[in-house]
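Please read it with the sequence and the model at hand.

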Amino acid sequence: MNYELICSKVIAVTRLTGNFIRKESMNFDAGAVEFKGLNDMVSYVDKNAEKLLVRNLAKLIPEAGFTTEEETVNSKGAVYNWIIDPLDGTTNFIHGVPTYSISIALYEEDKPVVGVVYEINRGEMFYSYKGGDAYLNNKVIKVSSRPGLSDCLLATGFPYYQFEKQAQYMQLLSEMMQKTHGLRRIGSAAVDLAYVACGRFDAFFEYNLNAWDVAAGAFLVQQAGGNILNFAGGDEFLETREILATNGLIDGEILEAIKRSFKS
């Protein structure tokens, strides 16, 4: 398979869908919101964007399966599978906060081969493909080279359901606030990961995320020279639903802090 060609076609599909989301944001009615669970919202924009993505991506690799957030379709392909979040940052979108994204990953035999994250309002297209570099709008990107936490800016997400680990998480946040240049909470894990890939953030950590939130962004970080781990330091971040993305230089410091906060 020509991964670079597939990636370029995914970018075109992503831009088309991004145009739809941007247009809908101008006259969006918050009354059209549905609740899937506690603080877990969805709108017709999410659903229609997902249908648009699925319809166009299915043309690229007809035999591929799909894992999608809004479950407009879910199927398992024998070799190829798309993992899609049509609107990562739905809460931001609903409240008119202009940071949300489209996240698309293509897996081949359970390994990522294409990843695209489109930050819609800034017009920033982050992408990579197997055998290539990581890019932002046609420019090669790399993770940061800052070697110690004291010089780093981190990103995270706050739990909005399943609060049983909230106390431990707050302890970790407290330590990171004191040892870094600060913490940011943008509201789109896909964007957080893309920002680690291009060196804006030095690390990102969060738990209780789903595959569609992180699959594309994690691939971007790895392609840009960074590391993707779970909170135990292993590589099974999708299975454990814990992710730590770093520039590859500060893993030890953060993992030690995580261990202190989440010790049994």
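1. Basis of the note. The model is predicted, so to speak of local features a pLDDT of at least 70 is needed, side-chain atom pairs count only at pLDDT 80 or more, and totals for chains, interfaces and linings use all residues. Residues are numbered from 1 along each chain as its sequence is written, and side-chain values use heavy atoms, with hydrogens and water left out.

2. The sheet. An open sheet of 7 strands runs in the order β3-β4-β5-β6-β7-β8-β9, and its pairing is mixed. Its edge strands, β3 and β9 (139–141), each pair on one side only. On average, neighbouring strands are turned by 20° against each other, direction ignored. Strands here are DSSP runs of E with at least two residues, helices are runs of H or I with at least four, and both are numbered from the N terminus. Two strands pair if DSSP finds at least two bridges between them.

3. Strands β6 and β7. These strands run antiparallel and are joined by 6 bridges, β7 covering residues 124–129. Val 117 has Phe 126 of β7 as its bridge partner.

4. Helices on the sheet. Helix α1 (residues 3–25) lies across β4, β5, β6 and β7, and runs at about 30° to β6. Helix α5 (residues 189–197) also packs on the sheet, where it touches β4, β5, β6, β7 and β9; its direction makes about 105° with that of β6. Axes are lines fitted to C-alpha atoms, for helices over the stretch in contact, and angles run from 0 to 180 degrees between N-to-C directions. Contact means heavy atoms within 4.5 Å.

5. A helix pair. How do the axes of α4 and α8 cross? The axes of α4 (residues 166–179) and α8 (residues 251–261) come within 8 Å and cross at roughly 145°. From α4 the contact draws on residues including Leu 172, Glu 175, Met 176 and Lys 179, and from α8 on Ala 257, Ile 258, Arg 260 and Ser 261.

6. Glu 175 and Lys 179 form a salt bridge, with the closest N and O atoms 2.7 Å apart. Both lie in helix α4, 4 residues apart, about one turn of the helix. Glu 175 is buried at 13% relative accessibility, whereas Lys 179 is partly exposed at 41%. A salt bridge is a side-chain nitrogen of Lys or Arg within 4 Å of a carboxyl oxygen of Asp or Glu. Buried means under 20% relative accessible area, exposed over 50%, and partly exposed in between (1.4 Å probe, protein chains only).

7. Other salt bridges. The whole structure holds 7 salt bridges. One of them joins Lys 76 and Asp 110 at 3.7 Å, N to O. This pair links distant parts of the chain, 34 residues apart, Lys 76 being in the loop between β3 (65–68) and β4 (80–88). Another joins Arg 122 to Glu 124, with closest N and O atoms 3.2 Å apart. Arg 122 is exposed at 53% relative accessibility, while Glu 124 is buried at 8%.

8. Positive phi values. Which residues deserve a look at the backbone? Asp 110, although not a glycine, has a positive phi of about 65°. Asp 110 lies in the loop between β5 (101–108) and β6 (111–119) and is exposed, with a relative accessible area of 59%. Arg 241, also a residue other than glycine, has a positive phi near 60°. Arg 241 is placed in the loop between α7 (237–240) and β14 (242–246) and is partly exposed, at 26% relative accessible area.
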